[in-house]
Amino acid sequence: MSMIGNAAFAALLLTSAATQALAASEADFKAAYEAAKTADNRAAALHNRWTTTEVALTAAKTAAAAGDFDAAIAAAKDAEALAKASIFQATREKERWKDAEIR
Amino acid sequence: MPVQVLILPLLAALALALLVHPAPAADAPNPVADAKAFKTYFATKFPKLKLEDFVNGPYSMSEDMRRQWQEKEQFPPYEFALEAGKQMFATPFKNGRTYADCFPNSGIGIRQNYPYFDEKQGKVVTLELALNRCREANGEALYSYVEDEMASLTAYMAFTSRGKPMNIKIPNDPRALEAYEDGKRYFYTRRGQLNFSCASCHIQGPGERLRAEILAPALGIMNALPIYRSEWGGMGTTSRRLITCNSQTRAVPLDPQSDEYRDLEYYLSYMSNGLPISGPGARP
């Protein structure tokens with residue numbers, strides 16, 4: 001193979017690898033976003049969504065729309081963590097609220 | 001005679017007595033005791049304040065603020081809303097009827113009876129809800145629960161009740177007691193990323209500063225609504241106040257007049273029974 005041929009082959013491999021990495025990132029984002037939405041829906045069922053979860057979900061979508069999947073995944077994971085914390089809070093408060101009651 | 005023969009009837013009688021008169025559970029709902037404990041808490045925390053003074057919110061907690069407020073009351077910022085509300089209240093609907101046709105005593109001097117528990121619907125009815133139901137029944141579009149029209153109407157109605165003691169009743173209906181308990185639970189439940197309950201600010205913190213604000217006591221807090229808030233630059237309804245509180249703790253607010261908010265208003269108003277209506281109020 002000529003030098004030009006080698007260079008073209010290498011470029012093709014690199015392009016292919018880059019495309020695969022991008023595709024994987026988008027799939028990762030979709031999975032991360034789905035996990036965050038599921039947790040947020042559970043929080044909503046408990047009437048205990050947090051505004052910060054909404055903000056993180058919106059940031060994830062915005063970053064994904066701009067093609068920045070690293071930022072999108074990070075924001076989605078933030079959203080999931082916040083939603084899970086709100087679920088924990090709602091579950092704990094089912095009984096704990098009584099501790100604060102004036103009697 | 002064997003001992004068992006003597007004891008068994010006694011045990012049976014005891015069991016029957018327990019079934020007929022079960023001992024009250026320690027955490028059985030007791031609104032009267034709750035209200036008494038609530039008032040005692042505040043009276044102990046602020047021994048120099050008269051009970052009826054709590055309806056003045058942060059102005060009852062700080063001498064400086066009280067002086068500012070007294071001067072402001074000479075030209076109260078809610079006056080425009082009061083005038084607008086009076087005019088709206090008297091203006092007939094397209095069918096010729098008015099708000100007065102929807103309420104007892106033609107709607108004058110009745111604010112202290114709201115919210116009430118409607119035994120037909122099995123739900124709490126607030127004044128804001130009753131006003132919109134009146135509009136709906138007369139073929140008018142509903143007002144937003146968080147905007148000026150509702151604030152003006154409720155401001156006028158509150159003004160006609162000034163000085164009358166809050167008079168919330170819990171009828172002998174298990175659903176009413178359940179609504180009261182749900183309101184209480186909502187009040188004490190922590191929510192939002194900041195992990196605050198209504199009680200965190202208005203039970204634990206009255207008189208203290210949270211950033212630039214002096215927190216108002218929960219006792220009497222409903223008696224002053226609706227309120228003009230300098231921070232808002234206008235009047236705010238009870239719904240707006242509750243939604244703002246939720247947002248400030250970073251909790252997604254519920255829909256205005258959702259069951260939870262109505263029950264919360266029911267509980268808090270009941271806690272302030274006997275204290276005078278002071279609305280419309282003005283707050284920083």
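Helix packing and contacts in a predicted two-chain model

Me: Which residues in helix 3 of chain A does helix 2 of chain A meet?
Reply: This is a predicted model. From helix 2 of chain A, the residues in contact are A:Thr52, A:Thr53, A:Ala56, A:Leu57, A:Ala59, A:Ala60, A:Ala63 and A:Ala64. By class, the residues of this contact between helix 2 and helix 3 of chain A are 14 nonpolar, three polar and one charged. On the side of helix 3 of chain A they meet A:Phe69, A:Ala71, A:Ala72, A:Ala75, A:Ala76, A:Asp78, A:Ala79, A:Leu82, A:Ala83 and A:Ser86.

Me: Is helix 2 of chain A roughly parallel or antiparallel to helix 3 of chain A?
Reply: Helix 2 (residues 51-65) and helix 3 (residues 69-96) of chain A have axes 8 Å apart and pack at an angle of about 160 degrees. Angles over 145 degrees count as roughly antiparallel. Helix 2 of chain A is therefore, relative to helix 3 of chain A, roughly antiparallel.

Me: Why does A:Leu82 count as buried?
Reply: A:Leu82 sits in helix 3 of chain A. A residue is buried if 20 or more other C-beta atoms lie within 10 Å of its own. A:Leu82 counts as buried because its C-beta neighbours inside 10 Å number 25.

Me: Which residue of chain B is in contact with A:Leu82?
Reply: Neighbours within four places in sequence are left aside here. In chain A, the contacts of A:Leu82 are then A:Trp50, A:Thr52, A:Thr53 and A:Ala56. From chain B, the contact of A:Leu82 is B:Gln193.

Me: Which helix of chain B gives the largest share of the side that touches chain A?
Reply: The contact takes 15 residues from chain A and 20 residues from chain B. Two elements of chain B give two or more residues to the side that touches chain A, namely helix 7 (174-188) and helix 2 (31-45). By class, this side of chain B has nine nonpolar, six polar and five charged residues. The largest share is three residues, from helix 2 of chain B.

Me: How is helix 4 of chain B oriented to helix 6 of chain B?
Reply: Helix 4 (residues 79-90) and helix 6 (residues 148-159) of chain B pack with their axes 7 Å apart, at an angle of about 90 degrees. Their contact has ten nonpolar, two polar and two charged residues. Since angles of 65 to 115 degrees count as such, the orientation of helix 4 to helix 6 of chain B is roughly perpendicular.

Me: Which elements are included in what covers the buried residues of helix 7 of chain B?
Reply: Helix 7 of chain B has 15 residues and spans 21 Å from first to last C-alpha, close to the 21 Å expected. Its buried residues include B:Ala176, B:Tyr180, B:Gly183 and B:Phe187. The cover over the buried residues of helix 7 of chain B includes helix 2, strand 1 (116-118), strand 2 (123-125), helix 8 (198-202) and helix 10 (259-271) of chain B.

Me: How many helices and strands does chain B have?
Reply: Chain B has 284 residues, and 40% count as buried. Its secondary structure comes to ten helices and seven strands.

Conventions:
Residues are numbered from 1 along each chain as its sequence is written. Chains are lettered from A and ligands numbered from 1 in the order in which they are written. This is a predicted model: local features need pLDDT of at least 70, side-chain atom pairs count only at pLDDT 80 or more; totals for chains, interfaces and linings use all residues. Axes are lines fitted to C-alpha atoms, for helices over the stretch in contact, and angles run from 0 to 180 degrees between N-to-C directions. Helices (H or I, at least four residues) and strands (E, at least two) are DSSP runs, numbered from the N terminus. Angles under 35 degrees count as roughly parallel, over 145 as roughly antiparallel, 65 to 115 as roughly perpendicular and the rest as oblique. Two residues are in contact if their C-beta atoms, placed from the backbone, lie within 7 Å. Ala, Val, Leu, Ile, Met, Phe, Trp, Tyr, Cys and Pro count as nonpolar, Asp, Glu, Lys and Arg as charged, and the others, Gly among them, as polar. A residue is buried if 20 or more other C-beta atoms lie within 10 Å of its own, exposed if 12 or fewer, and partly exposed in between; C-beta atoms are placed from the backbone. The expected span of a helix is 1.5 Å times one less than its number of residues.
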